[in-house]
Amino acid sequence: MTCYTEGIRAALPKWRGLDGMMSVFWDAQGNPGARAYYLSPDPRIVIFFNDVSAHIRMSDQPDSFGRACRPMTRAVYVPAGAPLWTSFTAAHSFSHLDLHLHHDRALRFLSHSLGRSAALAALRCPVEIQDTDNLQTLARLLVDEIAQPSRHGVYAESLVGSIIAGLLDIPAEDRETVPAMGGLTQAQMNRLLARMGASSDHRLSVAEMASAVGLSESWFANVFKKTTGKTPLQWQMGQRIELAQKLLLEGELALSDVAARLGFSDQAHLTRAFRQMTGNTPAAWRRTRLLR
């Protein structure tokens with residue numbers, strides 16, 4: 001990211017690197033006439049924790065005081081490759097959360113629910129909003145986790161995902177997109193994925209899964225099979241094996257550690273489940289991927 005500032009003093013930031021994301025919390029002070037320029041090859045979200053609209057102006061044109069100049073809002077989404085100029089009309093102290101998103105990571109996250117075409121359209125559309133009550137709650141939870149990490153990184157990643165979904169210009173679900181025959185909606189599946197991601201070992205009972213989408217256990221099991229073609233526990237095992245594959249390719253954990261992180265009783269248990277799902281042992285699967 002290219003960043004030039006003049007007249008802005010910032011305290012040492014708090015930050016945390018995540019999967020394809022960087023979360024940074026800043027406290028800063030801008031002098032009268034202070035200005036800045038930002039340009040990133042990847043998407044960026046900025047959420048202010050205090051109102052800055054009367055003190056900071058923003059523009060996507062080089063002439064920050066021209067017709068394109070407008071008050072800075074409390075939440076801004078800047079698409080990849082979009083420049084941003086800011087200028088201060090008066091001295092002002094402020095704090096904000098910066099979320100730097102790898103474009104491909106954000107695209108994968110949105111494509112799962114929207115499809116690639118709609119996801120690309122959402123990522124290209126800038127957003128500026130002043131009413132940020134719901135986003136503020138998510139952002140403060142994320143800042144707490146940045147300042148004092150206490151949970152698995154997937155918890156912070158799920159908060160970032162919720163902020164992305166809440167801020168970007170994504171059309172509301174059309175009734176025609178709701179699965180027929182009483183299946184689960186995509187929104188319900190998203191809530192289930194987020195709830196499972198927040199679990200330390202990515203495991204939920206069927207009752208917990210049903211609760212996450214607001215259904216009774218028996219009804220949930222029925223409609224889940226209609227939606228996915230699998231029982232809830234079969235689907236959940238598939239999700240855990242996919243995460244195991246990701247961890248194996250990263251190569252930072254021994255197989256026994258991967259098993260422990262994902263709630264398998266031991267390495268042998270993970271190996272049996274892995275072979276059943278993929279047809280290979282974890283070691284053989286990893287070798288074939290690394291040789292490609």
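The points below cover salt bridges, a pocket, aromatic pairs and charges over rings.

1. The structure is a predicted model. The distances and areas quoted here should be read with that in mind.

2. Salt bridges, overall. Side chains of opposite charge can pair when their charged atoms come close. The count here is eight salt bridges. Three of them are described in the next points.

3. Glu145 and Arg16. These two form a salt bridge, with 3.1 Å between the closest N and O atoms.

4. Asp19 and Lys246. The closest N and O atoms of this salt bridge are 2.6 Å apart. Asp19 sits in the loop between strand 2 and strand 3 (21-39), while Lys246 is in helix 8 (residues 232-250); the two are 227 residues apart and the pair links distant parts of the chain. Asp19 counts as partly exposed at 25% relative accessibility, and Lys246 counts as partly exposed at 31%.

5. Arg70 and Glu128. A salt bridge connects Arg70 with Glu128, the closest N and O atoms lying 2.8 Å apart. Arg70 is in strand 6 (residues 70-71) and Glu128 in strand 10 (residues 127-129), distant parts of the chain that are 58 residues apart. Arg70 is partly exposed, with a relative accessible area of 22%; Glu128 is partly exposed as well, with 33%.

6. A salt-bridge network. Which residues are joined through shared partners? Asp19, Arg105, Glu157 and Lys246 form one network in this way. The Asp19 and Lys246 bridge of point 4 lies between two of its members.

7. The second largest pocket. Its volume is about 390 Å³. The lining has 22 residues, and those closest to the pocket centre are Thr5, Tyr38, Arg44, His96 and Asp98. At least two lining residues come from each of strand 1 (2-10), strand 3, strand 4 (44-48), strand 8 (84-88) and strand 9 (92-101). By residue class, the lining of the second largest pocket has 16 nonpolar, four polar and two charged members.

8. Aromatic pairs. There are eight aromatic pairs. Phe88 and Phe94 have ring centres 5.8 Å apart and planes at 35°, so this pair is tilted. Both Phe88 and Phe94 are buried. The rings of Phe274 and Trp285 also have centres 5.8 Å apart, but their planes stand at 70°, so that pair is edge-to-face. Phe274 lies in helix 10 (residues 267-278) and Trp285 in helix 11 (residues 282-290), so the pair ties together parts eleven residues apart in sequence. Phe274 counts as buried at 0% relative accessibility, and Trp285 is buried with a relative accessible area of 6%.

9. A ring cluster. Tyr4, Tyr37 and Trp85 are linked into a cluster by ring pairs.

10. Charges over rings. The charged end of Arg44 sits over the ring of Tyr38, 4.7 Å from the ring centre. Arg44 and Tyr38 are both among the residues closest to the centre of the second largest pocket. Elsewhere, Arg151 lies over the face of Tyr155, 4.3 Å from the ring centre.

Terms used
Residues numbered from 1 in each chain as written. Predicted model: local features only at pLDDT ≥ 70, side-chain atom pairs only at ≥ 80, totals over all residues. Heavy atoms only, no water. Salt bridge = Lys/Arg side-chain N within 4 Å of Asp/Glu carboxyl O. Helix = DSSP H or I, 4+ residues; strand = E, 2+ residues; numbered from the N terminus. Buried < 20%, exposed > 50% of the residue type's maximum accessible area, 1.4 Å probe, protein only. 1 Å grid on protein atoms, 1.4 Å probe; cavity = no way out; pocket = protein on both sides within 12 Å on 5 of 7 lines; lining within 4 Å. Points joined across faces, edges and corners; volume = space filled by probe spheres on them. Nonpolar A, V, L, I, M, F, W, Y, C, P; charged D, E, K, R; others polar. Phe/Tyr/Trp six-rings, centres within 6.5 Å; stacked < 30°, edge-to-face > 60°. Lys NZ or Arg CZ within 6 Å of the ring centre and 35° of its normal.
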